[in-house]
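Below is a short briefing on a two-chain model. Please keep the structure open while reading.

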Amino acid sequence: MQKQNKLATFEEAVLPHLDAAYNLAHWLTRNDTDAEDVVQEAYLRAFKFFGGFHGTDGRSWLLTIVRNTCYTWMQQNRSPELHVPLDDEVREIESKDLNPETLLMQSADTQMVRQALAELPVEFREVLVLRELEEMSYREIANITDLALGTVMSRLARGRKRLQQALTNHRHAEVLS
Amino acid sequence: MSCQRAQELIHGYVDGELDLVRSLEVESHIHECEICAQAYRSQTTLRSSLKSDSLYYPAPEKLKKRIHSSLRKEAKSELGQRRFHWRWLTAGASVAFMLLIGLVVWRLVPRSIRPSGELLAQEITSDHVRSLQTPAHLTDVLSSDQHTVKPWFDGKVDFAPPVKDFASQDFRLYGGRLDYLNNRAVATLVYQRRLHYINLFIWPAEQASSTGEVTVQRQGYNLIHWTGSGMNFWAISDLNSVELHEFARLVQEGQ
């Protein structure tokens with residue numbers, strides 16, 4: 001009886017955020033079936049720990065679990081992805097900070113954006129997905145990713161610059177071809 | 001505001017995460033600086049490129065069903081686990097209840113079917129009480145002389161009880177008596193300390209080995225039991241247990 005209530009309460013609080021969960025999982029795993037497996041696993045975990053959820057923001061809570069489940073999954077299946085030498089790349093980007101070459105002046109087509117975003121290192125990808133696609137605040141993103149607020153800001157900035165660069169390069173390549 | 005600072009803050013500005021003062025500062029800088037204005041436009045262009053719905057992966061309908069059914073399964077197994085725990089709890093309670101019943105029955109069963117030690121202590125207490133009811137009950141042979149008391153038992157019991165007077169330690173031999181205890185004839189020595197009488201019951205032990213003193217209390221009397229020199233000894237008195245132990249020690253040492 002009590003358990004039936006738990007299931008009902010859980011589904012009411014957490015099931016509406018299935019799209020958000022799947023979207024994040026898909027962007028992190030970059031694969032349909034992996035995303036489905038991860039999301040299902042995350043829901044089971046969430047259900048088990050639902051007793052510890054007392055907040056009102058079911059989406060943030062669920063996405064935190066989805067993200068953790070994704071990272072566990074990636075560690076088991078694609079560990080090299082998680083070892084990106086962030087600092088080197090940051091220096092490289094900062095040196096080109098104000099270069100108009102990296103500025104994106106025209107809207108890029110969706111296919112190109114999807115590819116560029118998918119190719120970003122996962123650390124940048126996740127903050128961009130949470131910010132741009134889920135439209136979450138810096139604070140929410142910091143909670144989900146377990147990062148300091150300042151780190152969230154700088155990762156967003158770097159991620160965007162990388163994305164712009166990738167899109168600009170892509171366009172140049174198109175023009176040349 | 002420098003361009004460097006403005007470019008740092010542009011993301012917060014675009015994301016609406018700056019406070020009002022900073023927000024206005026960035027805004028006025030963008031109005032004045034073409035490079036930063038370009039950077040700002042570049043950000044808004046990028047954002048609008050990311051706003052496309054087709055970048056969002058909605059969950060497939062089958063995933064929803066799959067999750068729903070796996071959650072049901074999980075809920076059921078959790079329920080099962082809880083029932084399982086409940087079963088253990090019930091089992092535990094049953095055991096506790098049985099123990100309680102056992103204890104109650106134990107208290108209620110007639111004394112005669114309890115083990116012999118318990119029965120014997122009761123028998124000895126009754127005997128002691130009876131011996132004190134009238135002076136005639138207390139002794140069959142009234143003598144403080146151990147050489148009179150000891151031979152008196154000859155022919156009356158099939159063993160020779162150790163008889164010793166401890167008058168110098170203030171446990172005076174008062175006399176001897178025949179008793180029937182534990183389905184046999186036993187020798188009883190009566191000692192006196194001040195106004196207290198001590199009955200010391202003696203009969204041959206089944207096992208030769210000695211055992212330490214066991215102290216029990218019955219109806220306000222102290223009883224001390226031990227085995228030694230092939231004999232069972234039971235001392236009983238209204239004397240306090242410290243002095244009765246002193247007496248028991250004397251008897252054991254005197255043997």
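Predicted model: local features only at pLDDT ≥ 70, side-chain atom pairs only at ≥ 80, totals over all residues.

Residues are numbered from 1 along each chain as its sequence is written, and chains are lettered from A and ligands numbered from 1 in the order in which they are written.

**Chain B overall**

- Chain B has eight helices and seven strands; helices (H or I, at least four residues) and strands (E, at least two) are DSSP runs, numbered from the N terminus.
- Of the 255 residues in chain B, 26% are buried. A residue is buried if 20 or more other C-beta atoms lie within 10 Å of its own, exposed if 12 or fewer, and partly exposed in between, with C-beta atoms placed from the backbone.
- Among contacts in chain B with a separation of 6 or more, 49% are between residues 24 or more positions apart. Two residues are in contact if their C-beta atoms, placed from the backbone, lie within 7 Å.

**The sheet of chain B**

- The seven strands make an open sheet with antiparallel pairing, in the order β1-β2-β3-β4-β7-β6-β5 (chain B). Its edge strands are β1 and β5 of chain B, each of which pairs on one side only.
- Two strands pair if DSSP finds at least two bridges between them. Strands of a sheet pair through backbone hydrogen bonds, either parallel or antiparallel.
- β3(B) is joined to strand β4 (residues 196-204) of chain B by seven bridges, and the two run antiparallel. Here B:Y191 stands opposite B:I198 in β4(B).
- Six bridges pair strand β5 (residues 211-218) of chain B with strand β6 (residues 221-228) of chain B, again in the antiparallel sense. One of the partners is B:T227 in β6(B), which is bridged to B:T211.
- β5(B) and β6(B) form a hairpin with two residues between them.
- Helix α8 (residues 241-254) of chain B lies across β3, β4, β5, β6 and β7 (231-237) of chain B and runs at about 20° to β6(B). Axes are lines fitted to C-alpha atoms, for helices over the stretch in contact, and angles run from 0 to 180 degrees between N-to-C directions.

**Loop residues of chain B**

- B:Q219, in the loop between β5 and β6 of chain B, has a positive phi of about 50° although it is not a glycine. B:Q219 is exposed because 11 other C-beta atoms lie within 10 Å.
- B:N183 sits in the loop between β2 (172-181) and β3 (184-193) of chain B. B:N183 is not a glycine either, yet has a positive phi of about 65°, and B:N183 is exposed, with 7 other C-beta atoms within 10 Å.
- B:D140 is in the loop between α6 (135-138) and β1 (141-142) of chain B, and counts as partly exposed because it has 17 C-beta neighbours inside 10 Å.
- The C-alpha atoms of B:D140 and B:G175 are separated by 7.4 Å, although the two are 35 residues apart along the chain. Leaving aside neighbours within four places in sequence, B:D140 is in contact with B:G176, B:R177 and B:L178.

**Helix packing in chain B**

- Helix α1 (residues 3-14) of chain B packs on helix α2 (residues 20-32) of chain B at an angle of about 120°, and their axes are 10 Å apart.
- α1(B) and α2(B) are therefore oblique to each other; angles under 35 degrees count as roughly parallel, over 145 as roughly antiparallel, 65 to 115 as roughly perpendicular and the rest as oblique.
- B:A6, B:L9, B:I10 and B:Y13 in α1(B) meet B:R22, B:S23, B:V26 and B:H29 in α2(B). By class, this contact has five nonpolar, two polar and one charged residues. Ala, Val, Leu, Ile, Met, Phe, Trp, Tyr, Cys and Pro count as nonpolar, Asp, Glu, Lys and Arg as charged, and the others, Gly among them, as polar.

**Chain A and the interface**

- In helix α7 (residues 122-133) of chain A, 10 of the 12 residues are buried, including A:F124, A:V127 and A:L130.
- The cover over the buried residues of α7(A) includes α9 (149-176) of chain A and α3 (34-50) of chain B.
- Just after α7(A), A:E135 takes a positive phi of about 55°.
- Between the chains, 37 residues of chain A are in contact with 34 residues of chain B. By class, the chain A side has 20 nonpolar, eight polar and nine charged residues.
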